[in-house]
Number of protein chains: 2
Amino acid sequence: MLSKNQIKLINRLGQKKFRFKDGFFVVEGIKTINELLQSHFELHQLYTTESFNIDAKTENLISETDLKRISFLKTPNKALAVFKIPEPKPVDSKYLILALDDVRDPGNLGTIIRLCDWFGIKDLVCSKQTVDCYNPKVLQATMGSISRVNINYVDLDAFLKEAQKPVFGAFMDGENVYNRALSKEGILVMGNEANGISKTIEARVTKRLAIPRFGDLQATESLNVATATAVLLSEFKRGTRR
Amino acid sequence: MLSKNQIKLINRLGQKKFRFKDGFFVVEGIKTINELLQSHFELHQLYTTESFNIDAKTENLISETDLKRISFLKTPNKALAVFKIPEPKPVDSKYLILALDDVRDPGNLGTIIRLCDWFGIKDLVCSKQTVDCYNPKVLQATMGSISRVNINYVDLDAFLKEAQKPVFGAFMDGENVYNRALSKEGILVMGNEANGISKTIEARVTKRLAIPRFGDLQATESLNVATATAVLLSEFKRGTRR
């Protein structure tokens, strides 16, 4: 059974300002919840139609009707969990870091977090205007990868100003990424969906890269930020493992 | 002004069966419509709040209220066009061909069409169960690239059976794609979002490829089909242009 207060808390967590204020976020689906239960993420409350056999204080067995009342999904997937938002660790600049300059689409951010996990990128640094990584739509797209990537929201200009490492950015007029040797450390900056990397951040970029276009002249103007990130992370990593 | 028949035709075109029956599809937004007007696609009717200065017989100036009545978007973007579905050209097997085995998500197909355009893949071959490329959500994601990629829906098993070229497929246990020389011709098969490449199609694959995982053991299980396609097309193409 659900109390009014429980329903109210979960509803609030659909909004970024309340997630920050309350320090909790919502995740749905048995598979993703199980992944997070096995991570360093701390469970606050679990609402489920089938028992996970965990601590009775945090597990609430509820009906499908009740799950529908609290779910953010059109088709709820058996369980909804409220986790504590973890304190991010400091950024480790020994390895390649991915930085996002105002990526706004939740699906893109979720896909990028999953790419970080796949390519072993430990640190993702986001500008304050980048979509919140605890947004339910982002979490849907990460498929549990969120627990394996350390995400910091920072003043990106100040962060890059302090950086002691090369700052890479993708631009149409950059150097062909297939032709140059890429370092194992540094910061790769990806820009906003509509506007790319902003002027302020562009001034901090020390190495301009481009993914060459192979089609005809009249071809597509740009790659989607998530697919461009996939190509660039692949290029940075392909030489490091044989 | 809109007639009842016009509204009815446009509404029908939201469904695949009527698109096939009527031979038309709907595209929205000034930019994409302009791109298609400059392509070999044939305009049937244009409904717009601002004149495109084209043939008066096909251009219908309408109010924003009327546009809202026919648009498939939450926020209509000034114009909606009905184009004829073109007859696809035969597949040209001199170059690398991308084949999709039951890709179901419209956003993924749209992103993949855009990737084909970027990487100069002229032919995209889709299994009959792959989402229809004239689905409005696919068209939203292609950003006009649809006019520059030749798309055939085929019996994929029969198509691959007849193929005279190597058939590549991505599998977890395939050969590290970064380590092997890739040919300029052949067919690269990408699988369904949930199930990957089906058993029937797997039997037609002659070269099994894998994108290696760089993260920890507990890392993400798989890449999204669109990002995996981005990495593989980049690998096939990176050596062909210096």
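This is a short talk on a two-chain model, from the overall fold down to single residues.

First, the ground rules. This is a predicted model, in which local features need pLDDT of at least 70, side-chain atom pairs count only at pLDDT 80 or more, and totals for chains, interfaces and linings use all residues. Residues are numbered from 1 along each chain as its sequence is written, while chains are lettered from A and ligands numbered from 1 in the order in which they are written.

Let's start with chain A as a whole. Chain A has nine helices and 10 strands. Helices here are DSSP runs of H or I with at least four residues, strands are runs of E with at least two, and both are numbered from the N terminus. The radius of gyration of chain A is 20 Å, close to the 18 Å from the globule rule for 242 residues, so chain A is as compact as a globular protein of that length. That radius is taken over C-alpha atoms, and the rule is 2.2 Å times the number of residues to the power 0.38. The C-alpha trace of chain A spans about 60 × 40 × 40 Å along its principal axes.

How much of chain A is buried? Buried residues are 42% of its 242 residues. Buried means 20 or more other C-beta atoms within 10 Å of the residue's own; exposed means 12 or fewer; partly exposed is in between; and C-beta atoms are placed from the backbone. Now contacts, meaning two residues whose C-beta atoms, placed from the backbone, lie within 7 Å. In chain A, take the contacts with a separation of 6 or more: 75% of them join residues 24 or more positions apart.

Next, how the two chains meet. Chain A gives 30 residues to the contact, and chain B gives 30 residues. On chain A, helix 5 (106-118) and helix 9 (225-238) each supply at least two residues of the side that touches chain B. Helix 9 of chain A has the largest share, seven residues. By type, that side of chain A has 12 nonpolar, nine polar and nine charged residues. For that count, Ala, Val, Leu, Ile, Met, Phe, Trp, Tyr, Cys and Pro are nonpolar, Asp, Glu, Lys and Arg are charged, and the others, Gly among them, are polar.

On to the core. The largest nonpolar core has 134 residues, and A:L188, A:V189, B:L188 and B:V189 touch the most other members. Such a core is a set of buried Ala, Val, Leu, Ile, Met, Phe, Trp, Tyr and Cys residues joined through C-beta atoms within 7 Å. Leaving out residues up to four places away in sequence, B:L188 touches B:L96, B:L98, B:A99, B:F168, B:L232 and B:F236.

Now the strands. Strand 1 of chain A, residues 24-28, has five of its five residues buried. A:F24, A:V26 and A:E28 point one way, A:F25 and A:V27 the other. Strand 1 runs antiparallel to strand 4 (residues 79-84) of chain A, with five bridges. Strands pair if DSSP finds at least two bridges between them. A:V26 stands opposite A:V82.

In chain B, strand 8 (residues 167-176) has two parallel partners. Three bridges join strand 8 to strand 9 (residues 186-190), with B:V167 bridged to B:I187. Five bridges join strand 8 to strand 10 (residues 207-210), with B:N176 bridged to B:A210.

Finally, some single residues. Most residues other than glycine have a negative phi. A:D102 has a positive phi of about 65°. A:D102 sits in the loop between strand 5 (96-100) and helix 5 of chain A. A:D102 counts as buried because 21 C-beta neighbours lie inside 10 Å.

Is A:V138 buried or exposed? A:V138 is buried, with 22 other C-beta atoms within 10 Å. A:V138 lies in helix 6 (residues 136-142) of chain A. By contrast, B:T200 is exposed, with 12 other C-beta atoms within 10 Å. B:T200 lies in helix 8 (residues 199-202) of chain B.
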